[in-house]
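Subject: Structure for you to look at

Hi,

Here is the structure I promised to pass on. Please open it and keep it in view while you read my notes below.

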Amino acid sequence: MRMMVLLLVSVLVGGLAPGWLAAQSASPADQEAIREIVQKYLDSREQRDPKSLATLFTDDVDQLVSSGVWRRGREALVSGTLASSESNAGKRVLTVETVRLIAADVAIADARYEIVGAAGAATRKMWSTFVMKRGDAGWQIAAIRNMLPAGS
């Protein structure tokens with residue numbers, strides 16, 4: 001019985017270890033590439049460049065914005081993002097705080113998200129989480145979650 005338990009534990013640990021290790025760190029190259037995609041997202045958005053913006057997203061990308069609105073699919077994200085930038089003209093700042101792999105080709109990047117100087121309003125401070133997927137085209141954004149801190 002004891003041997004069976006040890007065998008079972010060895011199989012479970014051996015099967016889970018690769019995923020667990022991947023979730024713990026991203027290589028410096030992956031960290032840099034993911035941070036660059038977030039910066040390209042911000043740059044394309046600020047330049048109101050729909051073609052450049054579209055290349056950053058997977059086909060099935062989705063976004064939950066801080067107002068609770070869902071955007072689903074590349075076209076909805078591009079049009080919604082550009083419309084949001086037009087209606088809220090403050091300067092956006094995204095500062096990636098952490099990047100971690102949750103699988104070999106899937107990563108999460110958490111960023112501080114601020115909108116500064118929107119029509120004289122106070123700086124709006126939020127968080128954004130980017131779910132990234134690596135494919136043939138390199139890293140792309142598969143999902144974005146924008147959140148207001150509690151009490152905001």
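Arg 48 is partly exposed, at a relative accessible area of 30%. This comes from a predicted model, so keep that in mind throughout. Arg 48 has a salt-bridge partner, Glu 86. Their closest N and O atoms are 2.9 Å apart. Glu 86 sits in helix 4 (residues 74-87), while Arg 48 sits in the loop between helix 2 and helix 3 (50-55). The two are 38 residues apart, so this pair links distant parts of the chain. Glu 86 is exposed, at 55% relative accessibility, because the cut-off for exposed is over 50%.

How many salt bridges are there in the whole structure? A search finds seven.

Now look at Arg 134. Its side chain meets that of Asp 30 in a salt bridge, at 2.7 Å from N to O. Arg 134 is in strand 5 (residues 124-135) and Asp 30 is in helix 2 (residues 28-46), so the bridge ties together parts 104 residues apart in sequence.

Arg 134 also forms a salt bridge with Asp 105. Here the closest N and O atoms are 2.9 Å apart. Asp 105 lies in the loop between strand 3 (91-103) and strand 4 (106-116), so this pair joins parts that are 29 residues apart in sequence.

Arg 134 is partly exposed, at 28%. Asp 105 is partly exposed too, at 37%.

Best wishes

Methods. Residues are numbered from 1 along each chain as its sequence is written. This is a predicted model: local features need pLDDT of at least 70, side-chain atom pairs count only at pLDDT 80 or more; totals for chains, interfaces and linings use all residues. Side-chain values use heavy atoms; hydrogens and water are left out. A salt bridge is a side-chain nitrogen of Lys or Arg within 4 Å of a carboxyl oxygen of Asp or Glu. Helices (H or I, at least four residues) and strands (E, at least two) are DSSP runs, numbered from the N terminus. Buried means under 20% relative accessible area, exposed over 50%, partly exposed in between (1.4 Å probe, protein chains only).
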